[in-house]
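Here is a quick briefing for anyone meeting this structure for the first time. Have a look at the sequence and the model, then read on by topic.

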Amino acid sequence: MGFEQRKGANMSSRIKRGGRQSRLAQRAAKPSFDPAAPGQIGGTYRPLSDQDLKAIYETALKLLENLGLGEVPQRLWDDLINGGAIDNRAGRILFPRALVEEAIDQAAKTFTLHGRDPARSIEVGGDKVYFGTGGAAVQTLDLESHEYRPSTLEDLHNFTRLQDRLANVSWYTRCCVATDVPDNFDLDVNTVFALLKNTTKPVATSFTIADHIEPIVKMLDIAAGGPGEFAKRPFLKAHISPIISPMRFGEDAVDVVYGCIDHNIPISCITAAQAGATAPATLAGFLAQSLAETLASLVMVHVISPGFPMVFSNWPLVIDLRSGAFSGGSGETVVLNAASAQLSNWLGLPSGVASSMTDAKAIDAQYGVEKGQTSLAAALAGGNLIYESSGMTASLLGASFEAFVLDDEMHSNTYRALRGIEVTDENLGYDAIFEAVLGEGHFLGTAHTYAAMERDYFYPSLANRDEPRSWAEAGAKTAWETAQTRAKEILDSHKPNYLTDEQIRDIKEMFNILYG
């Protein structure tokens, strides 16, 4: 096709679109293709060289083989010995290299994290990146007063239904602790009830002790449709920290691991050592110890049930060595969590890391910088599940409604960055450049531009791109104010109930439900 023919066809296509009103309508419509969808591919950021990876891995294996783990509960001790571990006759159990590598080889490399709504399920592992939540905030940044107060069960319900509307929270772990529920069993029960009532995404929780698992599974069965139904398609996973750094097991958490495996509850075994406190202050030394501890969790799961779904959750935490304060938004946190994701992916294991653990208390510049740098680095490094990434403030002590909606938009920008640049003959735009240069002298309104607008660009709804005068005339709102408005709109309008009246009645007959 010659230039005049192309120009005529292009002019015709512009006429058919119906002018300015049609173009405005097109811009307002939801794109037919999401340019920033969850599950983009990570792994381009590699803070560790191949030599570095091998050195850290070899050091972790030597620690497991020569130092091993202490304070091993008797049931686990017996299972480890039967699986090939060695009693060092000094109260510690050693993990031969062959046993560790057998556990890696037979581990679940991918598995489905089910949502009660199957359309919301995600595949964990491989090279896809998903943002989700975590945390146990004991304070909530109040929507009205903008001051912190103790988190409540009502807050937990509200956070859960808020995130149900946020597309980039791919799974939801309770983000705050209901401090107004003093009984531990009631706390575990009411936490799970809040998840079941307010979202159909994949969810996660923690169990205070193993004895709470079986009765709560009965609640999960009610939501799943009857006795035994939850185990057939588990839509809840458990967060467990079975290792106490440095290099010893925690008995209660180990019991929870056994209980979850018995009831087919997928698990995220979280190592959360602190650099300079419970692990070496040097970043390389920290990574070696933390990897050894997370591998010990994997071996534990392996000797109980080979191949059981486990997220290899190696979460490096950093403290300010001057004061001992947790430092969730530091440059060290950036590189350590990225390196952890790289290590886990190098081993072929489903990786879990943490990000967006800002130390900021307000929704301010510190908040934005720390959240942006930590979450982008973890995603670029290829963390499969990135925890703590939505709503958390104040070094994980706080949770914020405004932060949830701001973080959701941040994740869209991160996914767009991960998606990269598609180089095709059409995208290179050879013909389009000819038409613009020899025609109207610009690319506005052309078919090539419209196609890119729909396909290649993410358009924020919270970030303000107006010129200063328009922004001032509209009230000069800060990001905090804009996010407050959006959070209130969602909470006022989105009041789901994903349980039937009969299911709620059955649950309330069985448990002490305190809200909802």
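Arginine 455 and aspartate 456 pair up in a salt bridge, with their closest N and O atoms 2.9 Å apart. A salt bridge here is a side-chain nitrogen of Lys or Arg within 4 Å of a carboxyl oxygen of Asp or Glu. Keep in mind that this is a predicted model, where local features need pLDDT of at least 70 and side-chain atom pairs count only at pLDDT 80 or more, while totals for chains, interfaces and linings use all residues. Residues are numbered from 1 along each chain as its sequence is written, and side-chain values use heavy atoms, leaving out hydrogens and water.

**Salt bridges**

- The structure holds 19 salt bridges.
- Arginine 455 counts as partly exposed at 24% relative accessibility, whereas aspartate 456 counts as buried at 17%; buried means under 20% relative accessible area, exposed over 50% and partly exposed in between, using a 1.4 Å probe and protein chains only.
- Arginine 248 and glutamate 71 also meet through their side chains in a salt bridge, at 3.5 Å from N to O.
- That pair links distant parts of the chain, 177 residues apart: arginine 248 sits in strand E13 (residues 248-249), and glutamate 71 in the loop between strand E1 (69-70) and helix H4 (74-83).
- Helices (H or I, at least four residues) and strands (E, at least two) are DSSP runs, numbered from the N terminus.
- Arginine 248 is partly exposed, at 26% relative accessible area, and glutamate 71 is exposed, at 52%.
- Another salt bridge joins the side chains of arginine 505 and glutamate 502, at 4.0 Å from N to O.
- Both of these residues, arginine 505 and glutamate 502, belong to helix H20 (residues 501-510), where they are three residues apart, about one turn of the helix.

**Pocket and cavity**

- On a 1 Å grid over the protein atoms alone, a cavity is a set of points where a 1.4 Å probe fits but cannot get out, and a pocket is an open set with protein on both sides within 12 Å along at least five of seven lines; lining residues have an atom within 4 Å of a point.
- The second largest pocket has a volume of about 560 Å³.
- Of the 23 residues lining the second largest pocket, Ala136, Arg174, His239, Ser241 and Ile270 are the closest to its centre.
- Strand E11 (236-240) and helix H10 (251-262) are the elements that give two or more residues to the lining of this second largest pocket, and H10 has the largest share, three residues.
- The largest cavity has a volume of about 40 Å³.
- Ala103, Ala107, Leu298, Val301, His302, Ser305, Pro306, Gly307 and Phe308 line the largest cavity.
- Helix H11 (residues 283-304) gives the most to the lining of the largest cavity, with three residues.

**Surface patch**

- Tyr430, Ile433, Phe434, Val437, Leu438 and Phe443 form a nonpolar surface patch, with about 630 Å² of accessible area together.
- Patches are made of residues with over 30% relative accessible area and no salt bridge, with like charges joined within 9 Å and nonpolar side chains (Val, Leu, Ile, Met, Phe, Trp, Tyr) within 5 Å.
- Leucine 438 lies in helix H16 (residues 430-438) and is exposed, with a relative accessible area of 52%.

Terms used. Areas by Shrake-Rupley, 256 points an atom, 1.4 Å probe, with all protein chains shown as cover. Points joined across faces, edges and corners; volume = space filled by probe spheres on them.
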